[in-house]
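Please look over the chain below.

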Amino acid sequence: LGQFDAVLRFIHIEPTARDVYRLIKLRPMQDILTRIDPRASDNMLTPWLAASVRQTIGVPSGAPLDRFIRTLTRRSGLTLMAGNFVNAAQQILGFPMAALDVRWGAMGHGLVQVARQPKATTEFIMAESAFMRTRLDTKGQEVHVELDQILKPKNWIGVTGSKLEDFFMRVGYFLQSAVQFQMDKVVWLARYNQSIEAGEKPADAVYRADLLVRESQGSFAPGDASAAEHRGKFGELGRAFINFFSYFNGVSNYLGKQVGVARRTLGGVALAKRLGMIYLLGYMVQAVGAEAISQAARGELGDEDDDGYLDDMVELFVLSQLRFGAAMVPGGTAVLGLALGKFTDARYDDRLSLSAAFNMGEAAFNGGETVIKAVDKGDYSRVPMAMADTIGMTFGIPLRWAAKPLGYAINVAEGDS
């Protein structure tokens, strides 16, 4: 299969990539690129072509430590995200983000189209757009994951080649994928229809719709990953510290583009209005909306502790935006969390936590001790989560989705909630 994968890339990707590389190295093209940005050829286009050919993020390594960290990173993401209804619900905030480039009316029309004719609209989109055909083709995605699982190096944690882990890797992100599957279609149709109504050619309308989906809804394709993710000076170890950076980096780039376009094309009051709309839909709604959904899921939305609404409003409208902005910088969330932890009574937030993968690994390593201490103190509600983290990181079987409600049920039974 490794040879099969290499042959497919050699036939379908490498010839085109070589042609593009020759094009950007032509003197006239180099002169144009240099006038725009002297670093564009070597620091942007060439690495992008290399990633497109490899179809991997970063340069694969077979070193034992890299394999260990890769498995740790993969399992931490799966453990945190599998069955995560909150994260799936937060994805609807992609609609306000897309509204920076498409009218709400077109979005509503696209939603009605998808709801009334789900099969027909999917077939139409996939027929018109090669990008969306790849993105929406769930069978193709399943094959990609299957190949990834078969081609990956042997695991260095827990059960090697566990069939259960392979199964959960295929279905673990089902909720997020199911929601995003529908949203992508709505956003694409909205932008396509708006372009057609404006008199653009179908090919141009497809291009604009593809671009909007890629930029506003996020992309995990190797060719769309940032230089920080690819270049990783410290290999897998470096990437472990930016495990969830892709989404926030994409948002940052999209908002930066919107601001740049507004500054070049508008001025005065029109510019101020546009910048205000970019902040409202692209930043504030994203941060506050995500925090509100998270608080509602925890039952903490509003004055839950009966001490007045001021601290709750600060948490919802101020701290959420600070965290959202910090997440756009590698390590920013950890540094902000450490700074804010100095103003709370809790002890757990008084240390610098730079990597979700290593935090989850530590939790799994200490899982047995956590269970023993919890049982000794009679605090049985902590047992399910500790066991779920240990099982998830050791065997790649995500159980947090079941541990959370079970822990809450134990709290209720003990009269603590």
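The report goes from the whole chain to single residues.

This is a predicted model, in which local features need pLDDT of at least 70, side-chain atom pairs count only at pLDDT 80 or more, and totals for chains, interfaces and linings use all residues. Residues are numbered from 1 along each chain as its sequence is written, and side-chain values use heavy atoms, with hydrogens and water left out.

**Overall fold**

The protein chain has 24 helices and zero strands. Both are DSSP runs, numbered from the N terminus: helices are H or I with at least four residues, strands are E with at least two. Of the 417 residues, 37% are buried. Buried means under 20% relative accessible area, exposed over 50%, and partly exposed in between (1.4 Å probe, protein chains only). The chain exposes about 23700 Å², and carbon and sulfur atoms supply 64% of that area. Accessible areas come from the Shrake-Rupley method with a 1.4 Å probe; for residues, only the protein chains shown count as cover. Among contacts between residues at least 6 apart in sequence, 69% join residues at least 24 apart. A contact means heavy atoms within 4.5 Å.

**Helices α17 and α18**

Helix α17 spans residues 245-265 and packs with α18 at an angle of about 170°, the axes being 9 Å apart. Axes are lines fitted to C-alpha atoms, for helices over the stretch in contact, and angles run from 0 to 180 degrees between N-to-C directions. The two helices are therefore roughly antiparallel to each other. That label applies to angles over 145 degrees; under 35 is roughly parallel, 65 to 115 roughly perpendicular, and the rest oblique. On the α17 side the meeting residues include Tyr247, Val251 and Leu255; on the α18 side they include Leu271, Ile278 and Tyr283.

**Around α19**

Gln321 lies in helix α19. Gln321 is buried, at 12% relative accessible area. Leaving aside neighbours within four places in sequence, Gln321 is in contact with Tyr279, Tyr283, Met284, Ala287 and Val288. Gln321 and Val288 are 33 residues apart in sequence, yet 6.7 Å apart in space, C-alpha to C-alpha.

Tyr309 sits in the loop between α18 (268-298) and α19 (310-326). Tyr309 is exposed, with a relative accessible area of 53%. Tyr309, Leu310, Met313, Val314, Phe317, Val318 and Leu322 form a nonpolar surface patch, with about 650 Å² of accessible area together. Patches are made of residues with over 30% relative accessible area and no salt bridge; like charges are joined within 9 Å, nonpolar side chains (Val, Leu, Ile, Met, Phe, Trp, Tyr) within 5 Å.

**Salt bridges**

Side chains of opposite charge can pair when their charged atoms come close. The structure holds twelve salt bridges. Each is a side-chain nitrogen of Lys or Arg within 4 Å of a carboxyl oxygen of Asp or Glu. Three of them are listed here.

| Pair | N to O distance |
|---|---|
| Asp42 and Lys25 | 3.3 Å |
| Asp37 and Arg39 | 3.5 Å |
| Arg103 and Glu197 | 3.2 Å |

Asp42 and Lys25 meet in a salt bridge. Asp42 lies in helix α4 (residues 40-54) and Lys25 in the loop between α2 (14-24) and α3 (27-36), so the pair ties together parts 17 residues apart in sequence. Asp42 is exposed at 52%, while Lys25 is partly exposed at 34%.

Arg103 forms a salt bridge with Glu197. This pair links distant parts of the chain, 94 residues apart: Arg103 in the loop between α7 (94-98) and α8 (104-116), Glu197 in helix α13 (residues 174-197).
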